Amino acid sequence: MDDRETLIRLDDETSDDDAPTAAQKEMGQSSKPIQDFGVNQSEDPSCSSSGRGAPRISGNNHLIDDDQSLLLGNNTSPIAPEIPINGGSNGNINNSEPIFHLRSRTAAASTPNYESLDYEVCENTLFQEEERKRLTERFSLRKDVIRWIIFIQIGIITALIACTIDIIIEELSERKYTFLFNAVQKNVPLSDSSTGDLVIPYLYWLLFSILPVAFGAAMVTYIEPITAGSGIPQVKSYLNGVKIPRIVRIKTLAVKAIGVITSVVGGLAGGKEGPMIHAGAVVAAGISQGKSTTFVKDFRVFKAFRDDHEKRDFVLGGGAAGVSAAFGAPIGGMLFSLEEAASFWNQNLIWRTLVASIISVFTLNIVLSAYHGLNDFTFTGLFNLGKFDTPLKFDYFELPIFMILGVTGGLLGAAWNSLNTKINKFRKRFIPWKIGKVIEAVVVAMLGVTLACLMIYFINDCRPLGNDPTNNPVQLFCEDNEYNAVAALWFQTPEATVRSLFHDPPGSHKILTLALFTVVYYVLSCATFGLNVSLGVFIPTALVGAAWGRLLAMLTYYMFPQAEFLHPGKYALIGAAANLGGVLRMTISLSVILMETTGVESSFFFPLIIALITAKWVGDYFNEGIYDTQIQVNHVPMLTWEPLPQYKGLKAHDILSSPVVCIKLRDSAHYIYKMLKKCDHNGFPVVDNVHGDRRSEGRVCGIILRSQLIVILLKSLYVENKRFWLPETSIQTFRDVYPRYPSIKSVRKLDDKINYTVDLSMFMNPSPVRVNPHDSVPRIFQIFRALGLRHLLVINNENRIAGIITRRDFIYK
């Protein structure tokens with residue numbers, strides 16, 4: 001059964017060419033909007049399928065569309081009117097070849113449409129001329145030197161943004177909790193008072209949570225919804241080759257920064273570390289282009305890097321710089337980008353990314369050390385877990401215990417991911433209104449404050465002063481010279497609570513306190529991740545793991561008092577690592593980050609990696625990591641490292657799309673204009689040796705992108721006036737309009753240029769990747785993914801087009 005699917009617009013950066021045009025009416029076409037990817041309307045013969053699409057497999061509607069597929073031109077398809085072409089007599093319509101057939105796919109009608117990025121370098125004549133010119137320049141290494149300079153700038157600016165966010169959060173949080181401390185001291189003045197009133201502090205706490213959370217949620221919801229969450233899944237998808245609308249804009253960065261500040265100050269169960277990766281990616285994308293499309297300002301620098309391929313590498317470096325600034329872990333940041341974010345990697349990029357990470361950490365260290373009045377540069381990152389006073393040691397009989405903790409982390413992480421996915425699906429279905437999303441964030445903030453106050457009120461956990469982990473220890477129903485240990489867990493930021501659980505001496509908490517805190521924060525963090533606020537999942541995940549890790553050590557010590565090896569801080573660290581591994585499913589980068597942030601010895605790497613690997617293996621048995629799960633829920637067409645098992649045994653002819661829209665090497669400008677108006681595809685094979693007007697039977701000589709064709713029409717790069725534009729045309733002509741290429745709607749009708757001709761020989765990519773219809777799909781997948789392709793041509797033995805393969809053809813349907 002064929003599902004019908006309309007093209008869904010996501011952003012103004014994509015072409016918006018689906019409105020009916022006067023040209024369509026002149027051709028006798030339907031006035032309905034043109035549909036893409038799988039439309040098969042029986043009432044419109046020009047929208048029929050050739051039946052040569054991907055195998056129709058029912059049961060899975062998670063198909064993702066990509067408007068890069070090309071179709072049309074097969075003589076077995078129903079007849080449809082054709083546009084007058086170059087060489088036609090008196091503009092007569094030739095019906096010998098059908099045109100504008102849209103392929104059919106088993107897709108979900110509600111699935112959004114994502115475009116791909118052009119990571120493949122278009123090595124056309126203009127590009128080759130630039131390369132030859134660079135060889136003759138005096139400074140042949142100029143571009144490489146500039147690339148290093150950009151990576152250094154990325155590290156510096158990312159660190160400065162991180163410092164600004166951290167300082168504002170620290171100042172506001174300090175004032176908030178100091179005020180709450182004074183409110184508690186004023187309303188509950190006596191240790192033996194059973195009539196102390198917590199209502200007033202509770203109302204103040206609610207107020208200081210509701211106001212910032214509501215403000216941040218409103219900004220995210222109404223101004224820039226893409227800033228919701230940590231941003232890591234979006235950056236990961238971008239680096240995989242999927243165009244996520246508005247992900248790397250300046251406005252996105254501003255809303256992200258304000259959203260993180262308001263969310264953390266509001267007391268939501270989240271942290272600022274994840275969004276720093278998104279912030280670094282935005283910084284990298286902006287600096288590397290040397291212009292701002294938001295402010296319509298071109299600084300006329302870094303023009304050579306204005307393409308998706310170069311921009312991808314800088315975004316990866318920005319993400320690594322963000323991780324490094326967040327954790328003070330340059331090596332961990334570089335490994336995080338390699339393990340979790342990057343889909344394409346090379347040795348030179350490793351060095352540049354590492355340099356950006358080191359510069360980021362160094363800049364942040366200088367600024368924050370000066371801010372805190374330190375004489376030496378010891379403030380290493382935003383996520384400062386503190387150094388252990390004594391070296392952490394372990395005995396080999398503890399390794400099975402660490403594995404058990406890893407199993408626990410894997411089970412809890414898998415359950416957390418599953419529950420969070422169900423909650424987010426519920427939100428998506430039942431809370432579609434913007435005001436409802438803001439109210440939901442406020443309700444969750446109120447729930448967190450209420451649960452905290454209930455724990456503080458009903459649990460009697462008083463500890464002697466001197467070991468208090470907070471700057472403002474609250475007496476609150478305790479004797480003189482004592483503080484309330486339950487309030488200490490809540491009257492500070494989540495990051496400070498993680499640090500307390502790592503470094504508090506034994507006996508700092510009751511078992512009941514940590515048990516209830518673990519359950520409450522587990523539920524709160526699960527309900528928080530997915531709200532329309534800017535927050536990361538790293539800190540709440542580490543906090544829950546540290547709580548139950550310390551709790552298990554306390555329980556074991558309670559049953560076996562002779563077990564002196566049960567250091568609660570050590571098991572809190574292993575629990576945090578296990579829980580992070582169970583939720584995020586990362587291993588190497590997480591272990592390095594934890595080692596760099598806590599300063600543990602390299603000998604303790606073995607227990608960390610055992611817990612992380614065990615947690616990952618156990619969690620992978622049930623579901624995927626939270627970032628991959630979010631990508632699947634949002635139906636983003638990510639290409640995994642290996643093809644899906646369902647594709648084994650298939651050949652190219654089983655998944656290709658045909659017939660294909662083709663353009664002649666020298667074709668009519670009027671035909672190109674009408675074709676771009678008619679369909680939304682982003683790549684077209686260029687053919688020659690065409691018999692008559694049957695383009696789809698010509699020999700393949702290259703491929704041309706939609707963006708290039710629109711620029712050609714806009715700038716009137718026709719054969720008839722070649723002497724005027726040829727001396728001034730270069731590869732920079734196309735880079736100047738990157739990244740927001742104009743729509744075909746911006747091109748005027750070619751009434752006075754109907755007979756003009758376009759020669760694509762100097763604009764097309766003359767060496768597109770091609771495969772045979774009988775090549776295996778797993779082999780084709782490896783070629784497609786390794787080269788970062790957007791279009792893969794399938795040709796027969798005579799070099800004639802047989803079909804085309806795009807990203808969507810590798811999504812199991």
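What follows is a short tour, topic by topic.

Keep in mind that you're looking at a predicted model. The protein has 813 residues, and 60% of them are buried. It holds 26 helices and 14 strands.

**The big picture**

- Contacts across the sequence count for a lot here: among those with a separation of 6 or more, 79% are between residues 24 or more positions apart.

**The nonpolar cores**

- As a bit of background, nonpolar side chains tend to be buried together in soluble globular proteins.
- The largest nonpolar core in this model has 147 residues, and those touching the most other members are Trp-205, Trp-490, Phe-491, Phe-502, Leu-573 and Leu-584.
- Helix H3, which spans residues 142-187, gives this core its largest share, with 14 residues.
- Apart from that core there's another one, made of 33 residues, including Ile-663, Tyr-671, Phe-684 and Val-758.
- Back to Leu-584 for a closer look: setting aside neighbours within four places in sequence, its contacts are Val-537, Phe-538, Leu-590, Gly-625, Ile-626 and Tyr-627.

**Salt bridges around Lys-236**

- A search of the whole structure turns up 26 salt bridges.
- In one of them, the side chain of Lys-236 meets that of Glu-340, at 3.2 Å from N to O.
- That pair links distant parts of the chain, with Glu-340 in helix H9 (residues 330-341) and Lys-236 in helix H5 (residues 232-240), 104 residues apart.
- Lys-236 also forms a salt bridge with Asp-628, at 2.7 Å from N to O.
- Here the partners sit 392 residues apart, Lys-236 in helix H5 and Asp-628 in helix H20 (residues 626-633).
- How covered are these residues? Glu-340 and Lys-236 are both buried. Lys-236 counts as buried because its relative accessibility is 10%, under the 20% cut-off. Asp-628, at 23%, is partly exposed.

**More salt bridges**

- Lys-570 and Glu-398 meet through their side chains in a salt bridge of 3.0 Å, N to O.
- Lys-570 lies in helix H17 (residues 568-584), while Glu-398 is in the loop between helix H10 (347-371) and helix H11 (399-430), so this pair ties together parts 172 residues apart in sequence.
- Both Lys-570 and Glu-398 are buried.
- Elsewhere, a network of salt bridges links Lys-143, Asp-144, Arg-147 and Glu-310.

**A three-stranded sheet**

- Strands S12, S13 and S14 form an open sheet in the order S12-S13-S14, with mixed pairing.
- In general, strands of a sheet pair through backbone hydrogen bonds, either parallel or antiparallel.
- S13 (residues 792-795) and S14 run antiparallel and are joined by four bridges.
- Which residues face each other across this pair? Leu-793 stands opposite Ile-804 in S14, and Val-794 stands opposite Gly-803 in S14.
- S13 and S14 make a hairpin with five residues between the strands, where Asn-799 takes a positive phi near 65°.

Technical notes
Residues numbered from 1 in each chain as written. Predicted model: local features only at pLDDT ≥ 70, side-chain atom pairs only at ≥ 80, totals over all residues. Heavy atoms only, no water. Helix = DSSP H or I, 4+ residues; strand = E, 2+ residues; numbered from the N terminus. Buried < 20%, exposed > 50% of the residue type's maximum accessible area, 1.4 Å probe, protein only. Contact = heavy atoms within 4.5 Å. Pairing = 2+ DSSP bridges. Core = buried A, V, L, I, M, F, W, Y, C linked by side-chain atoms within 4.5 Å. Salt bridge = Lys/Arg side-chain N within 4 Å of Asp/Glu carboxyl O.
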